[in-house]
Each structure stands twice: as structure tokens, then as C-alpha cells.
Amino acid sequence: MTDMSVRIGGLALANPVMPASGTFAEGLALAADLDALGALVTKTITRELRAGNPLPRVAETAGGMLNAIGIPSKGVPYFLEHTLPAMRAFAPPLVVSISAPTAEGFAALAAEVSVPGVAAIEANISCPNIEEDGRAFAMRAESTEAVIRRLRAATALPLWAKLTPNTGDVPEVARAAEEAGADALVVANTILAMSVDLNTFRPRLGNVMGGLSGPAIKPIVLRQVYQCARAVRIPVIGCGGISTAEDAAEYMIAGAAAVQVGTATFLHPGAMEAVIEGLARFCAGRGIARVAELTGAIRREETDEAEIEWAEPAP
């Protein structure tokens, strides 16, 4: 039997598999065994009521999905009165994803949801920051550090920072989040993209642009997880295009301590359970006693610790 338990900072998980924020709600219990998961991650909540973006909000693409949902939210009172009691029926620790347009708003929201029954907070700092002309907090190291410091001062719960892949230096942002007090990083959110309907000549999303998720983004985010895991000492949670146990194993070998499954659940409600079972078989077949041994087990040809350099091939 493989020991499937992992630790994300001070939080113990029965296994390294959990849902990605925005792809999970308690209704999934009708089609999947939520008690089998390592953790539960809520849909991102905001303090205020939010209607979300105009329709259409979702479009299929080759190897993935575009979404521009816009973080619709029923607000904090609904979460505390309805969502939280429903989640308490399940055994895995509950991670609450939050979003706000300012650092002060993030801190206030974190304090409000730091209540019994919440095991950790995932700060979705990929959202627009109105104090930085609408650029996402995680686009820059400075704004990342500022918001995480405010969050760290507002809650004693474990704090996970969900980073954006849409920046030129993800490791720099990762280091800023660590220095400001994050206990773990979630790498990463969706990749900004768009699609055009050739019948109407219109964008296929009502918001024109949206986030690309699914298998198409896995090689990009896998690279970012590798880079971030080498840049920080805190755990990294991989998120992006994970559909199978083999995908999860790749992420862990590249440096992830745990993984989040998102788009795959829309296609197969039991996808997360299948990943857990497949990871156990993967380890057992290779004589690996603990799934945590996969984390950072990548074999490199270099004999030094220098970063791998990349350049475009010569013409």
C-alpha cells in the first residue's frame, strides 16, 4: 500500500489531489465521493454580490476550454450561512478561495472567512487590482508582496497564493509571495486567450477574452511549476491541464507537492478519484512507498544548480 498523505505547510492531506477553484461545489457529491479527496477548494467568493460577465461565458477549443465567467458570487453572508455548513459534512479540509479588487479588501475578506470549519485560504491574486490600473495583483512582484502582507496580517490560517501564468517572471512573483508570508503557492490560473466564431465574425466569448484551461496549457504551467519549485522553499500546488494520474505525476516530479484538477471534472465527474487511484498504482508499480517522494524527483543532466537557459534557435 502506498502512503498517499502529503503536507502543505502545516496542513495534512490524505492525498495530494483536490479541485481547482471555480470547478467545484457541494453538488458534485451527487456524482463523486468528496470524502476521497485530499482537500476541498471552494469557488472564489467576494464580499459583494457579483453577477459575472455577459454571455456566452464558455467556449470549447482544441485541447481545452475558454471561460470568462467573471467570478459571480453570492457574497460572504451566503457562504457563512449556506456553503460552509454544507461543506462541513465532508471529511477533507476546506480551502476557501477569495478575491477582492484591493489589498485592503482582500485582508477584510480573509478576516471574515477565518472561522471554524475553514482550514486554509487561497488568495486568487490573479484578479484585477484597481489600485494598479486593473492589472492582476500577481502580474508584478511588488503588488503581490503588498497584498500577501496584508492578507498575512489579517488571518492566522494557512495562506495559499494563486498565481497568474500571464506574467513574464513567475518565479520572481513566487519569491515575493513567499517573502510576504504565503504558506504555499498555487501555480497557476488560466492563460489569457480568445477565439473567434467564423460564422458570425464575433468573439466566441461575451467578454471577448477569457481564460484557457485544459490539456492545452499543461506544458506551459508544468514549466512554471518547475521554475517556482526551484525558486521557493514553500510548497507548490500544480494546477493546469491535469486529467490523468500521469499528468499529476509529472507535476509532482517537476516539484509540486499536490495538484488541483479542474476542467477534467466537467468532462468526467469522477476525474479526481481516478487521478488518486491512478497515482497510487503509479507509485506501487515503481516501488515508491510514499507519494510525497515524487515531489521534486525530476532527474536533470546538469551538474550545477544554474538555471536552464532558453533561447530561440538560430535561423
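The legends below describe close-up views of one predicted model.

In this predicted model, local features rest on residues with pLDDT of at least 70 and side-chain atom pairs count only at pLDDT 80 or more, whereas totals for chains, interfaces and linings use all residues. Residues are numbered from 1 along each chain as its sequence is written, and side-chain values use heavy atoms, with hydrogens and water left out.

**View 1**
The view shows an open sheet of 8 strands with parallel pairing, in the order β3-β16-β15-β10-β9-β8-β7-β4. Strands (E, at least two residues) and helices (H or I, at least four residues) are DSSP runs, numbered from the N terminus, and two strands are taken to pair if DSSP finds at least two bridges between them. At the edges stand β3 (17–19) and β4 (40–41), each with a single partner strand, so one side of each has no neighbour in the sheet. Within the sheet, β9 (residues 159–162) and β10 (residues 184–187) pair in the parallel sense over 3 bridges, and K162 stands opposite V186 in β10.

**View 2. Strand β16 and its two partners.**
Strand β16 (residues 258–261) is covered on both faces, with A258 and Q260 on one side and V259 and V261 on the other, all of them buried; buried means under 20% relative accessible area, exposed over 50%, and partly exposed in between, for a 1.4 Å probe and protein chains only. In a regular strand the side chains alternate between the two faces of the sheet. β16 pairs with β3 in the parallel sense over 3 bridges, and V259 in β16 is the bridge partner of V17. Strand β15 (residues 236–239) also pairs with β16 in the parallel sense over 3 bridges, and here Q260 in β16 is the bridge partner of C239.

**View 3. The antiparallel sheet.**
A sheet of 4 strands, open and with antiparallel pairing, has the order β5-β6-β14-β11. Its edges are β5 (58–61) and β11 (191–194), each with a single partner strand, so one side of each is left without a neighbour in the sheet. Neighbouring strands of this sheet are turned by 40° against each other on average, direction ignored. β5 and β6 (residues 64–67) run antiparallel and are joined by 4 bridges, with L66 in β6 as the bridge partner of A59. β11 and β14 (residues 209–213) pair in the antiparallel sense over 4 bridges, and G210 in β14 is the bridge partner of A193. β11 has a covered face, formed by I191 and A193, and an uncovered one, formed by L192 and M194.

**View 4. Helix α2 against the sheet and against α3.**
Helix α2 (residues 103–113) lies across β7 (94–98) and β8 (120–124), and runs at about 155° to β7; axes are lines fitted to C-alpha atoms, for helices over the stretch in contact, and angles run from 0 to 180 degrees between N-to-C directions. α2 also packs with helix α3 (residues 141–154) at an angle of about 25°, with their axes 8 Å apart. That makes α2 roughly parallel to α3, a term that applies to angles under 35 degrees. In the contact, defined by heavy atoms within 4.5 Å, A103, E104, F106, A107, A110 and A111 of α2 meet V147, R150, L151 and A154 of α3. The residues of this contact of α2 with α3 divide into 8 nonpolar, no polar and 2 charged, where Ala, Val, Leu, Ile, Met, Phe, Trp, Tyr, Cys and Pro count as nonpolar, Asp, Glu, Lys and Arg as charged, and the others, Gly among them, as polar.

**View 5. The surroundings of S99.**
S99 is found in the loop between β7 and α2, and is buried, with a relative accessible area of 6%. Not counting residues up to four places away in sequence, S99 touches T44, I45, T46, I71, F106, L109, N124 and C127. I71, one of these residues, has a positive phi of about 50° although I71 is not a glycine, and lies in the loop between β6 and α1 (75–87).

**View 6. Backbone details in three further loops.**
A cis peptide bond joins L55 and P56, with omega about -10°, and P56 lies in the loop between β4 and β5. Another cis peptide bond joins V187 and A188, with omega about 10°; A188 lies in the loop between β10 and β11. V208, in the loop between β13 (202–203) and β14, has a positive phi of about 70° although V208 is not a glycine, and counts as partly exposed at 35% relative accessibility.

Methods. Parallel < 35°, antiparallel > 145°, perpendicular 65-115°, else oblique.
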